[in-house]
Amino acid sequence: MKAVVIRRYGSPEVFEYEDVEPPKIKPNQLLVKVHAACVNPVDWKMRKGMLKFITGNKFPMIIGFDLSGEVIEVGSQVTQFKSGDAIYGSISPLGGAYAEFAAVPENNAALKPTNMTYEEAASVPVAALTALQGLRDLGKIQPNQSVLVNGGSGGVGIFGVQIAKAYGAQVTAVCSTKNIDFVKSLGADRIIDYTQQDFTQELGQYDIILDAVAKQSFSGCKQALKPNGIYVTTLPSLESFVQIILTALIPGKKATFILERPDTQDLVYLKELIETGKMRSVIDRTYPLQELAAAHTYSETERAVGKIAITVAN
């Protein structure tokens, strides 16, 4: 099969598009013919070696987490899927989606939303699960709460705005001037243009702050939270670990970070939101698999509005 591999960490130029052996599935896995994948910031951080404490130095390596495609074969322990099913999901913890075929754990997949293309579906799992689990599991979101999504036009942010609205929250989204109308179209009740206003200076305004772009800190956002408000970041740091420990020990405002967890039932929930028109994906650009280096280069600008999809020709 064709795949994009790396043999060392580095810039996008380390990608090599070549023939490799297809994966062999385990009893709990699906062999999926990949129709589309997606670029997430974690992908290029992995490519650069920023996560090698997890990935190690086992090369050649195929990275990429999000995918959608067709089930070709199922393992002996698989009960939820059959050959021919159109699915979407993710591969963890080491990836493998930048290829024509991928081995996907059964519990990491769900049937693809019927009203989405493969590219649209592949853009959902990692980012939308991050937003859902951050708001629901860590933020304990409730109807009529006041929620702020910092980075409302980014990959996680677009889903954060829509999921918070689906839960009945009042949503404030932070974005740049050029993205105001776009973020309004996602359902945000209020927009803060960060070039004109600093949301961290607001007093006791929010029950939950989802820092979808990890550009702030709990310390910086603390005064904008209500007395029992919760700050959720998508990027752990030394400071955030310290704040998480400290705030866990005392009543009041809490700091936490979200590490997305692949889960079939959560993907089914997201599928329902999509099929009932409560959530959509937004694709900024689409690249063929052979041009993955260009896709990563664009992603690293952190200027994408929504997601960057990868079409896998097979």
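Two strands count as paired if DSSP finds at least two bridges between them. Helices (H or I, at least four residues) and strands (E, at least two) are DSSP runs, numbered from the N terminus.

Hi everyone! What we have here is a predicted model, where local features need pLDDT of at least 70, side-chain atom pairs count only at pLDDT 80 or more, and totals for chains, interfaces and linings use all residues. Residues are numbered from 1 along each chain as its sequence is written, and side-chain values use heavy atoms, with hydrogens and water left out.

Let's begin with a pair of strands. Strand 9, residues 170-175, runs parallel to strand 10, residues 190-193, and four bridges join them. On the way from strand 9 to strand 10, the chain passes through helix 6, residues 180-185, in a right-handed β-α-β crossover (with the strands pointing away from the viewer, the path from the first strand over the helix to the second runs clockwise).

Is Y98 buried or exposed? Buried, because its relative accessibility is 0%, and buried means under 20% relative accessible area, exposed over 50%, partly exposed in between (1.4 Å probe, protein chains only). Leaving aside neighbours within four places in sequence, the contacts of Y98 include A3, D43, I62 and H296, where contact means heavy atoms within 4.5 Å. As for N228, 130 residues from Y98 along the chain, the two C-alpha atoms are 42 Å apart.
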